[in-house]
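Trainee: I am new to this one. Could we go through it together?
Mentor: Gladly, here it is.

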Amino acid sequence: MSGTPGSDLDKFKWLELHYTDLAGYLRSVTIAAEDLRDNVDVTGFDGSSVEGFTDISDSDLTLRPDLSTLAEIPWLEATGRVISTIYKNGARYERDPRYIAERTEKLLGEQGLEARIGPEIEFHIVDKLYLSVDQPQRGLCYRIVSSEHPGSGSYFEKTKKAYHTPAPFDKVYGLRLELAEVLRKYFRVHVEVHHHEVASGGQIEIDFRYGGVVSASDGVITVKYVARNITARHGYTAIFMPKPFAGDNGNGMHVHISIWERRGNGFRNLFYDPSDGYAELSQYARYFIGGLLEHGRALAAIVAPTVNSYRRLIPGYEAPVYLVWGRSNRSAAIRVPFYGRGAEKSKRIEFRPPDPSANPYLAFTAIIAAGLDGVRKKIEPGDPIDRNVYTMSEAEKKRLGIKELPRSLEEALDELESDNEFLRPYIPSSVLEAYIELKRREARELKGYPSPMEIYTYLSL
């Protein structure tokens with residue numbers, strides 16, 4: 001049991017113990033807080049009932065809370081939240097995604113390194129979501145209602161033109177503000193910026209202060225948990241799907257990352273080189289980018305891990321499709337933010353393919369693994385692209401050797417199966433195999449369901 005209970009534990013009657021499964025779904029079990037003091041393995045559970053974990057023949061797992069994550073849940077009386085770690089037979093369970101993130105931080109620390117990760121989480125807050133899938137023989141349908149859409153009121157958001165709009169056009173400002181305040185006050189997630197995003201339908205972005213692999217991942221699952229609860233209490237729904245609306249921008253989770261090296265009592269940013277005339281970017285950072293580009297197609301299966309992810313990753317909606325890099329270029333898979341010179345603290349790269357359906361513990365680990373493989377092998381990223389890649393001709397992209405991200409989850413999984421050696425120091429082979437099997441089953445199942453647009457397109461064929 002990590003952390004120290006202290007006096008804070010005394011004010012709680014109940015504790016929600018949170019963990020994520022391999023796919024990234026949040027799981028929860030509630031225990032009496034008083035039982036935590038005398039019991040290290042607080043509760044056992046059935047790992048075979050958690051997809052991607054154990055077989056039914058050997059299914060006993062236990063949870064141990066990390067009390068450094070203890071937080072008050074303000075909408076429940078005398079109840080706290082603790083993120084937990086998973087054990088099997090007294091040892092850490094290798095398929096626990098948080099354990100993988102912890103091992104990644106340990107491996108970095110042994111090299112005198114530290115990763116600083118700042119995710120940008122985009123999602124929609126909608127008024128209502130109607131879904132009918134229980135009788136597929138009669139048809140499948142869904143309908144999303146947003147008061148920001150035209151016809152819903154006197155003020156509305158324009159499709160793909162809602163970036164940084166204020167109230168009253170931004171109809172979810174109050175919810176967004178409450179979410180940011182609750183995250184900062186109760187859950188110690190230091191939200192620095194929140195705003196309306198490009199899409200209509202209540203699309204927002206939450207940015208919180210950077211952290212390590214574990215703390216940044218904890219922050220992502222906390223944002224999703226708190227957002228869903230706060231919106232539900234007001235009768236709204238938070239949607240983190242990469243592409244919930246046709247014809248409008250989807251939801252990304254752009255990952256800002258830099259690698260720092262311990263020097264004496266402090267750290268030095270290995271991505272920063274003030275003598276570089278292009279973007280003050282070091283050779284180390286260029287090799288890191290080279291690793292991301294080299295393994296970008298395989299990474300897609302982890303950072304964009306759903307069938308719906310590939311409805312977002314299409315041209316024309318500010319989603320990255322092409323594996324190129326460039327300064328200030330949002331049509332590239334890797335953008336080097338550049339707002340001025342001489343800022344070592346903020347020198348970083350932004351990896352844009354991830355979306356919020358990713359399991360952050362696995363996604364951030366995989367990004368680091370790919371980048372450091374580029375550093376180890378000294379993989380050059382090629383020349384930066386400072387043009388809108390979407391407007392290039394196919395012949396020009398072919399001449400420049402520009403690779404695309406996979407066009408489907410199945411294609412991404414094929415890439416991961418053939419290119420995963422770079423992950424082996426960080427993610428055990430058994431975990432990768434279980435993950436790929438889980439995701440292939442998901443892709444096969446969803447392929448069997450026709451969409452309304454298929455009926456529209458093919459009915460008269």
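Trainee: Where does Asp 276 lie?
Mentor: Asp 276 lies in the loop between β15 (266-269) and α4 (283-294). Helices (H or I, at least four residues) and strands (E, at least two) are DSSP runs, numbered from the N terminus. This is a predicted model, where local features need pLDDT of at least 70, side-chain atom pairs count only at pLDDT 80 or more, and totals for chains, interfaces and linings use all residues. Residues are numbered from 1 along each chain as its sequence is written, and side-chain values use heavy atoms, with hydrogens and water left out.

Trainee: Why does Asp 276 count as buried?
Mentor: Buried means under 20% relative accessible area, exposed over 50%, partly exposed in between (1.4 Å probe, protein chains only). Asp 276 has 14% relative accessibility, so it counts as buried. Of the 461 residues of the protein chain, 55% count as buried.

Trainee: With which side chain does the side chain of Asp 276 make a polar contact?
Mentor: With that of Arg 286, at 3.1 Å. A polar contact is a pair of N or O atoms within 3.5 Å; within protein, one must be able to donate a hydrogen and the other to accept it, and residues adjacent in sequence count only if both atoms are side-chain atoms.

Trainee: What is Asp 276 in contact with, leaving aside its neighbours within four places in sequence?
Mentor: Leu 281, Arg 286 and Arg 341, where contact means heavy atoms within 4.5 Å.

Trainee: How many helices and strands are there in the protein chain?
Mentor: There are 11 helices and 18 strands.
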